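My notes follow the display.

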Amino acid sequence: MINKISIIGAGSVGSALAFHLLNKLDLKDLVLVDVLPGLACGIAYDLEDTRQFIGFRTQITGSHRISDIAGSDIVVITAGKPRQEGMTRSDLLKINRTIVEGIAVEIKKNAPESVVVIVTNPLDLLVYFVQKRLGFDRTRVIGMGAGLDSARLTNLIYQKTTVDPASIHSLVIGPHSKDMLPLLEYSKYNNLPITDFLTPSEQEEVSSRVTLRGKEIVDQLKSRSAYFAPSLACADLVASIALDTHSLIPVSVCLDGEYGVSDIAMGVPCIISKDGIEKIIEIPLDARIKKTVDDYNLSFRQCTIS
Ligand code: NAD
């Protein structure tokens, strides 16, 4: 049984994530922290009242004191502003960098042995800044983004093919932004290449639509962003750590020579187990992947220098 998981930020993603974790894990302590007075506590009370239906024994705490995360095995950061209509991911950087770096200082003090999962956007830059601020091994600082993008690709492929969605395994790597790399050539239906089930124009359509899926949702919601699929993608990642499953999940991590780049973070396929990232999987770089990674490397550096 895993001991303690904390979620910092009890908004849309954080509260839905808490609910999924109660459904998935036999957990001793679940802590929700939010700066907004009463929010985390109210969400915790509401979650407690699901006990009869789900049957968990977890002690749930809602708090505005970040010190309540003390001794956590896993800490998830969902605190910060979501992207709103007209906002780019880089507009978010200024606001959310200050928030998550402040949180990183507290995690280092209160939960120095934890595996840290970051959800807040702009994801890859925040993985980079949080990892620097924490000083933890990079394998313990993991960004959830490419797993969501891959799930979104699965949905779009399903809509074209109507094959069993649970048997579609899609892969998106690269930055968690419109420059992501949907890799249909590595996406499968059972063991068969998914490209056998899609016409070239359908392949083009799903690849291009997935890169804008987050924006497509924000354009409709206006003042908030997606949270059902993001919270489930995050629960899947957290459960893989908690249950030591050794699952292959694409996540954002600081790279150190892998994919031909260093000192930047982006989504790559990784084996996930109890200590975080057990292994980074390198897939061969064709010309398209290499160009995207090189261009991204340059733009990432501009953001981290300024
Ligand atoms: P939200 O506004 O519903 O919730 C964010 C919460 O963070 C708020 O309740 C706010 O009070 C809290 N908060 C702010 N500063 C804090 C601090 N210092 N300590 C504790 N809590 C603090 O937003 P949301 O929809 O839950 O999204 C949260 C973040 O996740 C956003 O940055 C969003 O862009 C990002 N997101 C990422 C992905 C992904 O795939 N990586 C997907 C969806 C959302």
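This is a predicted model: local features need pLDDT of at least 70, side-chain atom pairs count only at pLDDT 80 or more; totals for chains, interfaces and linings use all residues.

**Helix pairs**

I noted that H6 and H9 are oblique to each other, because angles under 35 degrees count as roughly parallel, over 145 as roughly antiparallel, 65 to 115 as roughly perpendicular and the rest as oblique. The axes of H6 (residues 146-161) and H9 (residues 228-242) cross at roughly 120° and come within 9 Å. Axes here are lines fitted to C-alpha atoms, for helices over the stretch in contact, with angles from 0 to 180 degrees between N-to-C directions. Helices (H or I, at least four residues) and strands (E, at least two) are DSSP runs, numbered from the N terminus.

Residues are numbered from 1 along each chain as its sequence is written, and side-chain values use heavy atoms, with hydrogens and water left out.

Which residues make the contact of H6 with H9? I found Gly 147, Leu 148 and Arg 152 on H6, and Ala 229, Pro 230 and Ala 233 on H9; contact means heavy atoms within 4.5 Å.

Next I looked at H5 (residues 123-134) and H10 (residues 287-305), whose axes come within 11 Å and cross at roughly 55°. That angle makes H5 oblique to H10. Asp 124, Leu 125, Tyr 128 and Phe 129 of H5 meet Tyr 296, Phe 300, Cys 303 and Thr 304 of H10.

**Strands**

I then turned to E13 (residues 262-273), where ten of the twelve residues are buried (under 20% relative accessible area, with exposed over 50% and partly exposed in between, using a 1.4 Å probe and protein chains only). E13 pairs with E12 (residues 247-256) in the antiparallel sense over nine bridges; two strands pair if DSSP finds at least two bridges between them. The hairpin of E12 and E13 has five residues between the strands, and Gly 257 in its turn has a positive phi of about 100°.

E13 also runs antiparallel to E14 (residues 276-280), joined by four bridges. In this pair Ile 272 has Ile 277 of E14 as its bridge partner. Two residues lie between E13 and E14 in their hairpin.

Last, I checked an open sheet of three strands, in the order E7-E10-E11 with antiparallel pairing. E7 (168-169) and E11 (192-193) are at the edges with a single partner strand each, so one side of each has no neighbour in the sheet.
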